[in-house]
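Dear colleague,

Please find the structure below, together with its sequence. My notes on it follow.

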Amino acid sequence: MGTAITLDLADDLPPARLYELADDVFAWMREVDARFSTYRADSEVCRFDRGEVLLSEASADLRFVLEACADLWGATDGFFDAYATGRLDPSGFVKGWAAQVASDRLLAAGAANHCVNAGGDVRVRGFSPAGEPWRIGIRHPWDAMATCLVLAGTDLAVATSGVYERGRHVLDPRRGAPASGLRSVTVVGSDLGVADAYATAALAMGAAGIGWLDRLGDHTHAVVTDDARQFHSTALPLTV
């Protein structure tokens, strides 16, 4: 879906097993791309959007994603809207969800220490190869070579939505216009698909998204505004 996927496996397993686990992750990501990419006319999500695939004919994964997007629309007061552009585009949930599923599968397969990074949406579990908590840098929204914050933890789902790479691609669904006010939104929780959608929704809300994020009791966040002010939860797992 136009993004890079990286994987770090930190368990002391035989090399052949590590390669097998990595192959499984990348095979899953290719499957997600084939099914959900809005850049591919033959993807299932595009064919469904054109009416060529009925809901009764859709894959279990597509039905799950559609249901999740409907739930997230309600949870965000309509600001997470998979139809905001006028066509079906669940990418704001799918990328994080796909990485979360990959992480869940690694954990179930005995790889308890890993990092899955899907274009800046990061799911970490356990410890890094150095035996320390994973460190996750949040990209500086004006300097691609710098970070504005660094998080640390052993079980984190970290999703960032911003306008610094693709421009103002997130729409405010109420105005039908590109969202403004926030340049970068990072949401930290336990499920990367949900965190991804919440970050997208808060970006769509503009400045009002900061207050909305403050009211999410089970997530923490960091926000950089268009005028370079920075806000973050007091409980955000920061490190130096």
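**Findings**

Glycine 176 lies in the loop that joins strand 7 (171–172) to strand 8 (177–178); helices (H or I, at least four residues) and strands (E, at least two) are DSSP runs, numbered from the N terminus. The model is predicted, so local features need pLDDT of at least 70 and side-chain atom pairs count only at pLDDT 80 or more, while totals for chains, interfaces and linings use all residues. Residues are numbered from 1 along each chain as its sequence is written, and side-chain values use heavy atoms, with hydrogens and water left out.

Glycine 176 has a relative accessible area of 55% and is therefore exposed (buried means under 20% relative accessible area, exposed over 50%, partly exposed in between; 1.4 Å probe, protein chains only). Between glycine 176 and glycine 86 the C-alpha to C-alpha distance is 9.3 Å, although the two are 90 residues apart in sequence.

Two helix pairs deserve attention. Helix 4 (residues 91–108) packs on helix 5 (residues 192–205) at an angle of about 155 degrees, with the axes 7 Å apart. Axes are lines fitted to C-alpha atoms, for helices over the stretch in contact, and angles run from 0 to 180 degrees between N-to-C directions. Helix 4 and helix 5 are therefore roughly antiparallel (angles under 35 degrees count as roughly parallel, over 145 as roughly antiparallel, 65 to 115 as roughly perpendicular and the rest as oblique). Residues in the contact include Phe93 and Trp97 of helix 4 and Leu192 and Val194 of helix 5, contact meaning heavy atoms within 4.5 Å. By class, this contact of helix 4 with helix 5 comprises 6 nonpolar, 6 polar and 2 charged residues (Ala, Val, Leu, Ile, Met, Phe, Trp, Tyr, Cys and Pro count as nonpolar, Asp, Glu, Lys and Arg as charged, and the others, Gly among them, as polar).

The axes of helix 3 (residues 60–75) and helix 4 come within 10 Å and cross at roughly 120 degrees, which means that helix 3 is oblique to helix 4. The contact is formed by Asp61, Phe64, Val65, Ala68, Cys69 and Leu72 of helix 3 with Phe93, Val94 and Trp97 of helix 4. Its residues divide into 8 nonpolar, no polar and 1 charged.

Phe93 and Trp97 are also among the residues with the most contacts inside the largest nonpolar core, which has 56 residues (a core is a set of buried Ala, Val, Leu, Ile, Met, Phe, Trp, Tyr and Cys residues joined through side-chain atoms within 4.5 Å). Helix 5 supplies the largest share of this core, 10 residues. A second, separate core of 15 residues includes Val124, Val158, Ala222 and Leu236.

With kind regards
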